[in-house]
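Reader: I've got a model open on my screen and could use a hand reading it. Can we go through it together?

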Amino acid sequence: MSASAPTLAEPGPAGVQPPAPALPRLLSGIRPHGALALEQHLAVHGPLPSIGGGRRRGSERAATLIAEIERAGLLGHGGAAFPTAAKMHAVAGARKRGIVVVNALEGEPASLKDRTLLESLPHLVLDGAVAAAEAVGADEVIVCACESADVGIESIARAIEERAGAGSERSPGLRLATAPSHYVAGQESALVNFLNGGPAKPTFTPPMPFEQGVRQRPTLVNNVETLAHVALIARYGAAWFRELGTPTQPGSALVTLSGPIAHPGVYEIEHGASLSSLIRAGGGSTARVRGALLGGYAGAWVGAPHLDAVALSNEHLAALGASLGAGVVLLLSEDACPVGETVRVARWLAGQSARQCGPCVHGLDALATTLEELAGGIAGANVAQRVDRLASLIARRGACGHPDGALNPILSALDVFQAEFADHARHGPCAGCSRPAELPLPERPLSEATTRDRPARP
Amino acid sequence: MSHRVRVNPIACEAHGMCAELLPERITLDEWGYPVVDGTPLHGAQVEHALRAARACPTFALLVERERKRERARS
């Protein structure tokens, strides 16, 4: 290897000078087009410090990284906000050697953040995966992307090749797998089931993947963005990480902002940042806004009157019954009909059931039908009781979180847009019902502009 | 040590045997799937629950010993 070749070895953790704590963090060095090559990535962040795990398990340095992630308070960015260090402890402490799975499926129709990381910053993601693997003593990393994400797949494949070419001897085996693109395929147990040769459908848990996952080995499944944060914490430490964000949700997050906004796209925010600052960063709204769906199609609606006061952190959003989920911020314009939009989303969510659990298969279908009748003004007088009953028959009765997640946007829409639903129940479809749908679904994805524009920052 | 009943919703095919054999804990929803009261079983209920679990054609009814501590869930 020539002296100038990029290398991942020989860090100087003590000598690493943390960059300013400000934004951008993850998106540092991102380019308008194409991926950051290994050399460019190293120029931005420097080499990944040696973790010292890998083939030799249970080293002190490895335990130190997990402790650092715990101190950083990193929560998963796939939607559930589960403490990352807790999963890592479980895999590191298991008897068998672990495997790391990078969950890059991003089934959320209104989310583009993971795709942005794969396409533009593949080495940051791989650094995080390598650091996580070394920390938990795993010798194998599987990046699992959605089969339709052609640009991201190409970008990761090239990045893996670049690393092999750079002759790093420390890295665990890196490989790429592609999985089907349906909504529940990204659920942890579904992903593990698929990698074990089964269908990409959730399984009955426990055992959880971190106990018994790919090839029966303890498996750390982490979202793409979560691992990108790990790559930075491994370099700059917990104290640096906590300089942004809130005490219970430290650090930054990528959010996908879409709807009637001048510059829709992926933005990096500090947890706790105001929604208005994000909208300003997006160039402002281009229409009056009726509400915002936060967290995506497992998330909840917040009505227009509250939007000015919204802070983008889970502790704040909990009071509104919402969460940041996978970082989706979807604005709905005043002209759109929230009833018609909700009906379409409810029908789509019913169709995304893996069709394994009766209450999910029948319950979500019945709920979508009830909402269709309501929107058409042909539901009976006791429609509210019917919705309540269906919700109680759906909640907590599936093997995975899909049925519960699906209830969130539907029930919160019924609450936030009460007047609109009542109006439809009495008078049937409104003028807005015949307008083209606004909320993105796979058959009507986010606009080209959203996917093309590279992030700015608030 | 306490026991609870739980359903594996993937395995369950709504045969409804459990509701026949353990009506004190299980009712059926409008599609025939069990709605389970998962609070701890008392006395003879444990025996009834085990009988119901054995009778399930798809082995979807589980009688679980309560875990010492809640497992981490993701």
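This is a predicted model: local features need pLDDT of at least 70, side-chain atom pairs count only at pLDDT 80 or more; totals for chains, interfaces and linings use all residues.

Reader: In what order do the strands of the five-stranded open sheet in chain A run?

Author: The sheet is open, and its pairing is mixed. Its edge strands, each pairing on one side only, are β6 (265-270) and β8 of chain A. Neighbouring strands are turned by 30° against each other on average, if you ignore direction. Read across chain A, the order is β6-β5-β9-β7-β8.

Reader: Why is strand β7 of chain A largely enclosed by the rest of the structure?

Author: Strand β7(A) covers residues 289-294. To count as buried, a residue needs 20 or more other C-beta atoms within 10 Å of its own. The strand is largely enclosed because the number of its six residues that are buried is five.

Reader: Which residues stand opposite A:A292?

Author: β7(A) pairs with β9 (residues 328-333) of chain A in the antiparallel sense, over five bridges. β7(A) is also joined to β8(A) (residues 300-303), again antiparallel, by four bridges. So strands pair through backbone hydrogen bonds, either parallel or antiparallel. Opposite A:A292 you'll find A:L331 in β9(A) and A:V302 in β8(A).

Reader: Which residue in the turn between β7(A) and β8(A) has a positive phi?

Author: These two strands form a hairpin, with five residues between them. On the strands themselves, A:L293 stands opposite A:W301 in β8(A). In the turn, a phi of about 95° belongs to A:G295.

Reader: Which helix packs on the sheet, touching β7 and β8 of chain A?

Author: Look for a helix spanning residues 402-416 of chain A. Its direction makes about 20° with that of β8(A). That helix is α15.

Reader: How many nonpolar residues are on the side of chain B that touches chain A?

Author: The contact takes 18 residues from chain A and 12 residues from chain B. On the chain B side, three are charged and two are polar. The nonpolar count there is seven.

Note on methods: Residues are numbered from 1 along each chain as its sequence is written. Chains are lettered from A and ligands numbered from 1 in the order in which they are written. Two residues are in contact if their C-beta atoms, placed from the backbone, lie within 7 Å. Ala, Val, Leu, Ile, Met, Phe, Trp, Tyr, Cys and Pro count as nonpolar, Asp, Glu, Lys and Arg as charged, and the others, Gly among them, as polar. A residue is buried if 20 or more other C-beta atoms lie within 10 Å of its own, exposed if 12 or fewer, and partly exposed in between; C-beta atoms are placed from the backbone. Two strands pair if DSSP finds at least two bridges between them. Axes are lines fitted to C-alpha atoms, for helices over the stretch in contact, and angles run from 0 to 180 degrees between N-to-C directions.
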